[in-house]
Amino acid sequence: MKIPDNHEQIYDYAVKVAKQLVRFNYWDRIEISDLEAWLNNFETDEEKYLASGILLSIIYRSNKSINTFGANIIQIKLPNILRENLIYDIECIESWEADLKNGKTSKLPVRFSAIEGIDGKPGKSGSSIYRAICNKFFHNRFGVLCSEVSERLEKDKNFKVLVLFDDILGTGTQFRSYLDKFRVDELGIKVIYFPFAAYQESITSIHSKYKNIIVCPVEVLTESESLFSQDNVAFFNKFHSENTSEDIREFYLKMCSNKNILAKDVLGFGELSLTYLFNNSVPNNNIAALWYDSDTWTQLVGR
């Protein structure tokens, strides 16, 4: 990996921007001390150049962003899907929101849940998203564990739609495993899955396989979100374009080996190599250099 002549200025700029984002409380789960401790992992000029690129590539969704995403789902996306599928017509958003907050399950056909692992336990990230939206937008009477959906359906005749929350739909492998394990597509009701972000290929794949699953992300991701994408201007721009994406990737992998970053997915699950963080969760598709913690490496954010 080649580094530009002005690599020190690039590093100083990236650190300055990151510290401002922390001080302005936009990176609201990170302290200055966390940032400085993480930066101490990087020793050589090449490593510091990589660190600057990682910092400038981070996509961060703060608590305010999560609330905005939740509002988008509850106030716009969910009502539109219910109307388009002739399930429930919401004439007044204010009364819809009031009924959700007041727990009127006898009136509304939706029930909410978080993605669960194949062991039946709620997933950490899905549960974090669920709690954030529940606290803000609906009464916990609307909540149901996915492992108890069949039982709830027998008792709750107004239960017509299961709404699932999650942070990211990456490769789709884990979500499909969850669907198959709990036979979610065979419940006899519509299941609306709201990841905050999702890859279009995974959305298309799920829609082609499952007839009752609707995937509706707030944001759609592409391969350009990968840290090592040739579209990443932090590394590839008109001022410095000597490296290829493979050059950056190989240097990163070599550094992980040298620093004893022993995570199973150093490139993130599915090798998506994301730098996409939430206030309340760190998806496992992110590079290990952000969340791995050991005697030889200090994490920036904990998973």
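**Reading the model feature by feature**

Analyst: Strand E2 (residues 110-114) is largely enclosed by the rest of the structure, because 5 of its 5 residues are buried. Buried means under 20% relative accessible area, exposed over 50%, and partly exposed in between, with a 1.4 Å probe and protein chains only; helices (H or I, at least four residues) and strands (E, at least two) are DSSP runs, numbered from the N terminus. This is a predicted model, in which local features need pLDDT of at least 70 and side-chain atom pairs count only at pLDDT 80 or more, while totals for chains, interfaces and linings use all residues. Residues are numbered from 1 along each chain as its sequence is written, and side-chain values use heavy atoms, with hydrogens and water left out.

User: Which residues point one way from E2, and which the other way?

Analyst: In a regular strand the side chains alternate between the two faces of the sheet. Here Val 110, Phe 112 and Ala 114 point one way from E2, while Arg 111 and Ser 113 point the other way, and all are buried.

User: How should I read confidence, and where is the pLDDT below 50?

Analyst: pLDDT is the predictor's confidence in each residue, from 0 to 100. The chain has a mean of 92, with 96% of its residues at 70 or more. Over residues 117-123 the value is below 50, and this stretch has 12 contacts in the model beyond near neighbours in sequence, where contact means heavy atoms within 4.5 Å.

User: Which residues touch the most other members of the largest nonpolar core?

Analyst: A nonpolar core is a set of buried Ala, Val, Leu, Ile, Met, Phe, Trp, Tyr and Cys residues joined through side-chain atoms within 4.5 Å. The largest has 42 residues, and those touching the most other members are Trp 38, Leu 55, Tyr 252 and Leu 290. Two or more residues each come from H1, H2, H3, helix H10 (245-258) and helix H11 (288-291). Apart from this core lies another, of 39 residues, which include Trp 96, Val 163, Phe 194 and Tyr 276.

User: Is Glu 47 buried or exposed, and with which side chain does its own make a polar contact?

Analyst: A polar contact is a pair of N or O atoms within 3.5 Å; within protein, one must be able to donate a hydrogen and the other to accept it, and residues adjacent in sequence count only if both atoms are side-chain atoms. Glu 47, in helix H3 (residues 45-57), counts as buried because its relative accessibility is 10%, and its side chain makes such a contact with that of Lys 259 at 3.4 Å. Elsewhere, Asn 279 is found in the loop between strand E7 (276-278) and H11, and its side chain makes a polar contact with the side chain of Asp 28 at 3.1 Å.
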